Amino acid sequence: MELPDFMNYASKFSQKDFADKITRIAKRAGAKLVYAALILYYTLQSDKVSKSDKAIIIGALGYMISPLDVVPDAIPIAGLTDDLAVLLFVLKKVWTGVDPDIVEQAKSRLSKWFDDDEIAEIGSLFDGEE
């Protein structure tokens with residue numbers, strides 16, 4: 001699957017739209033997508049992250065929020081796979097700037113929407129890593 005130029009979606013991002021979307025799709029999307037989105041969202045809030053990293057994070061979160069993407073979110077399961085691919089792609093690019101406290105903050109927030117079994121299934125965000 002070829003990723004679109006998700007920087008075109010930067011204008012779609014807002015904190016309110018992010019909160020609305022993540023709350024609405026939490027159970028349907030699965031813990032891994034929500035976890036990746038939360039890490040990016042909290043990383044965006046950090047003053048330790050470069051402006052260029054913040055720009056691509058905003059683009060990725062805007063892509064997730066936008067109803068217009070490669071695979072429409074209305075298509076069950078498949079509709080969110082492109083969102084997850086974009087979030088993981090950007091997360092991997094900015095990973096060195098992600099503070100361990102942010103990872104813990106994201107895990108803590110997950111507990112509001114998912115049970116322990118669902119959270120345990122997240123495993124590694126990136127294939128082949130533990």
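Biologist: How many salt bridges does a search of the whole structure find?

Modeller: The search, run over the whole of this predicted model, turns up one salt bridge.

Biologist: Which residues form that salt bridge, and how far apart are the closest N and O atoms?

Modeller: Lys48 pairs with Asp99, and the closest N and O atoms of the two are 3.4 Å apart. The pair links distant parts of the chain, since 51 residues separate them: Lys48 sits in the loop between helix H2 (31-45) and helix H3 (51-65), while Asp99 sits in the loop between helix H4 (78-94) and H5.

Biologist: Is Lys48 buried or exposed?

Modeller: Lys48 has a relative accessible area of 64%, so it is exposed, because the exposed class takes in residues over 50%.

Biologist: Let's go to helix H5. Where is Asp101, and which residue has its C-alpha 9.9 Å away?

Modeller: Asp101 is in helix H5, and the residue in question is Ile39, which is 62 residues away in sequence although the two C-alpha atoms are 9.9 Å apart in space. Asp101 counts as exposed, because its relative accessibility is 59%.

Biologist: What about Arg109?

Modeller: Arg109 is also placed in helix H5, and with a relative accessible area of 32% it is partly exposed. Its C-alpha is separated by 8.6 Å from that of Tyr35, a residue 74 positions apart from Arg109 along the chain.

Biologist: Where does Ser111 lie?

Modeller: Ser111 belongs to the loop between helix H5 (100-110) and H6, and at 46% relative accessibility it counts as partly exposed. A polar atom of the Ser111 side chain lies 2.5 Å from the backbone oxygen of Ser108.

Biologist: Which residues form the negative surface patch?

Modeller: The patch is made by Asp115, Asp116, Asp117 and Glu121. One of these, Asp116, lies in helix H6 (residues 116-120), and at 65% relative accessibility Asp116 counts as exposed.

Biologist: Changing topic, where is Ser14, and what does its side chain contact?

Modeller: Ser14 lies in the segment before helix H1 (15-29), and a polar atom of its side chain is 3.0 Å from the backbone nitrogen of Asp17. With a relative accessible area of 25%, Ser14 is partly exposed.

Biologist: Which residue is 48 residues from Ser14 in sequence, and how far apart are they in space?

Modeller: That residue is Gly62, and the C-alpha atoms of Ser14 and Gly62 are 7.6 Å apart in space.

Methods. Residues numbered from 1 in each chain as written. Predicted model: local features only at pLDDT ≥ 70, side-chain atom pairs only at ≥ 80, totals over all residues. Heavy atoms only, no water. Patch = residues over 30% accessible without salt bridge, like charges linked within 9 Å, V, L, I, M, F, W, Y side chains within 5 Å. Areas by Shrake-Rupley, 256 points an atom, 1.4 Å probe, with all protein chains shown as cover. Salt bridge = Lys/Arg side-chain N within 4 Å of Asp/Glu carboxyl O. Lys, Arg positive; Asp, Glu negative; His and termini not counted. Charge placed at Lys NZ, Arg CZ, Asp CG, Glu CD. Helix = DSSP H or I, 4+ residues; strand = E, 2+ residues; numbered from the N terminus. Buried < 20%, exposed > 50% of the residue type's maximum accessible area, 1.4 Å probe, protein only. Polar contact = N/O pair within 3.5 Å; in protein donor to acceptor, adjacent residues only side chain to side chain.
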